[in-house]
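Colleague: Could you take a close look at the aromatic rings in this model for me, and tell me what surrounds them?

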Amino acid sequence: MLAGHRDLLPLLLGDIYSQRQAASLPLLLEGLEDCGRALAAARHTDPAPLLAELGLQLEHLVEEEVVAPLCRDIETELRLSVHQAAGLQLADRNPFRQAPAVLLPFLRLPALSVLGKRLHLKARVEHYLAATFYNLATVSLGNWRTYGAMRQLAATRLGLDTVPDRLPAQVLH
């Protein structure tokens with residue numbers, strides 16, 4: 001394992017996301033690919049277990065520091081937009097912090113390489129939203145319109161393709 005990565009990488013990844021510097025993420029991961037290539041050339045031990053462990057830890061860090069916050073922020077933005085459109089009184093929101101302005105560059109990134117494995121941020125967000133909308137709609141069937149509106153907003157505003165939940169719009173008693 002790379003010495004010092006446990007402290008530095010979460011900070012770097014978190015900073016890239018919090019500063020909304022989507023273009024820096026592929027550069028950082030490419031640098032880590034170089035570290036993986038250097039580790040693969042190790043002669044003192046079998047590099048395969050080391051590379052596997054490094055890959056798992058990098059995937060976990062990217063998931064924790066970039067993917068999860070991106071998914072949560074997009075869901076929150078969609079929810080606030082739908083509620084604001086429904087006429088609920090929300091505090092004024094900063095237009096420079098809304099999803100299309102600052103989160104869209106992360107969704108437009110090409111597939112990222114994490115030690116040979118491909119990571120598609122857009123696909124991860126689509127999967128998260130589809131699962132979340134389905135799970136929440138099954139728990140509360142009365143909110144199916146809200147999640148349908150959020151799904152439509154995700155498609156039109158962000159270009160995200162979430163699978164329709166195919167749940168009944170109402171139930172008969």
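**Aromatic pairs**

Modeller: Searching the whole structure turns up two aromatic pairs, where rings of Phe, Tyr and Trp (its six-membered ring) pair if their centres lie within 6.5 Å, and planes under 30 degrees apart count as stacked, over 60 as edge-to-face and the rest as tilted. One of them is Tyr 17 with Phe 106, a tilted pair at 5.3 Å centre to centre with 45° between the planes. This pair links distant parts of the chain, with Tyr 17 in helix H1 (residues 5-18) and Phe 106 in helix H5 (residues 104-107), 89 residues apart. Helices here are DSSP runs (H or I, at least four residues), as are strands (E, at least two), numbered from the N terminus. Both Tyr 17 and Phe 106 are buried, meaning under 20% relative accessible area, with exposed over 50% and partly exposed in between (1.4 Å probe, protein chains only).

Then there's Phe 133 with Tyr 147, also tilted, at 6.2 Å centre to centre and 35° between the planes. Phe 133 belongs to helix H6 (residues 121-139) and Tyr 147 to helix H7 (residues 144-158), so this pair ties together parts that are 14 residues apart in sequence. Phe 133 counts as buried because its relative accessibility is 0%, and Tyr 147 counts as buried because its value is 7%.

Back at Tyr 17, there's a charge to look at too: Arg 20 lies over the face of that ring, 4.5 Å from the ring centre. The cut-off is NZ of Lys or CZ of Arg within 6 Å of the ring centre and within 35 degrees of the ring normal.

Before you read too much into this, keep in mind that the model is predicted: local features need pLDDT of at least 70, side-chain atom pairs count only at pLDDT 80 or more, and totals for chains, interfaces and linings use all residues. Residues are numbered from 1 along each chain as its sequence is written, and side-chain values use heavy atoms, leaving out hydrogens and water.

Of its 173 residues, 35% are buried. Among contacts (heavy atoms within 4.5 Å) with a separation of 6 or more, 73% come from residues 24 or more positions apart.
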